[in-house]
Amino acid sequence: MDESTVEPTVEFTGDQDDEEAAEVRVVGEMTEQVRRPLVRAMTDLLLSRPRLKRLRLDLCEVGFLDSQGMAALVQVERMAQPRGVTVEIALKDRAVARPLQLSGLWHRFTILDHREGTPQQTHEPLPPGREHS
């Protein structure tokens, strides 16, 4: 099987008993193929954890992010917003950070930046209605 046709995996990680926080890890490429499993995971979380307040999307094992992957992230954020769930994105790869920065999504999410060679940082999202300069 060609490596480029391997579907990404989306799985729950973290403490299954924590009602207010959850973590979903994506492994592989963030492309159109990740949208359906990621939305399904988010739907399952929202239905099973009515007190959910924080979702961490662990993209540390993602090495490629395209526009369809970014659209999936926006869809998850829009699903979380009405319930007041904060979405954090943890990343380690420039191939994930750069598209988020160029698209402006870097300022929409809380970013937990673990890239090698840079100090570990948390970038907070801009308040609604504010644009970055």
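Is Glu-88 buried or exposed? In this predicted model, Glu-88 is buried, with a relative accessible area of 10%, where buried means under 20% relative accessible area, exposed over 50% and partly exposed in between (1.4 Å probe, protein chains only). Residues are numbered from 1 along each chain as its sequence is written, and side-chain values use heavy atoms, with hydrogens and water left out. Because the model is predicted, local features need pLDDT of at least 70 and side-chain atom pairs count only at pLDDT 80 or more, whereas totals for chains, interfaces and linings use all residues.

View 1. The strands follow the order 1-2-3-4-5-6 with mixed pairing; helices (H or I, at least four residues) and strands (E, at least two) are DSSP runs numbered from the N terminus, and two strands pair if DSSP finds at least two bridges between them. Strand 1 (9–13) and strand 6 (121–123) are the edge strands, each pairing on one side only. Strand 4 (residues 86–91) and strand 5 (residues 110–113) run parallel and are joined by 4 bridges, and Ile-89 stands opposite Ile-111 in strand 5.

**View 2. Helix 3 and its surroundings.** The buried residues of helix 3 (residues 94–103) are Val-96, Ala-97, Pro-99 and Leu-100. At the start of helix 3, a side-chain oxygen of Asp-93 comes within 2.7 Å of the backbone nitrogen of Ala-95, and just after helix 3, Gly-104 takes a positive phi of about 90°.

**View 3. The largest nonpolar core.** A nonpolar core is a set of buried Ala, Val, Leu, Ile, Met, Phe, Trp, Tyr and Cys residues joined through side-chain atoms within 4.5 Å. Of the 33 residues in the largest core, those that touch the most other members are Met-30, Leu-38, Leu-55, Leu-57, Leu-73 and Leu-100. Strand 2, helix 1, strand 3, helix 2, strand 4 and helix 3 each supply at least two residues of this core.

**View 4. Salt bridges between side chains.** A salt bridge is a side-chain nitrogen of Lys or Arg within 4 Å of a carboxyl oxygen of Asp or Glu, and the whole structure holds 7 of them. Glu-88 meets Arg-56 in one (3.2 Å, N to O), which links strand 4 to strand 3 across 32 residues of the chain; Arg-56 is partly exposed at 27% relative accessibility. The salt bridge of Asp-113 and Arg-115 (2.7 Å, N to O) joins two buried residues, with Asp-113 at a relative accessible area of 1% and Arg-115 at 18% relative accessibility.

How values were computed:
Contact = heavy atoms within 4.5 Å. Axes fitted to C-alpha atoms, helices over the stretch in contact; angles between N-to-C directions. Polar contact = N/O pair within 3.5 Å; in protein donor to acceptor, adjacent residues only side chain to side chain.
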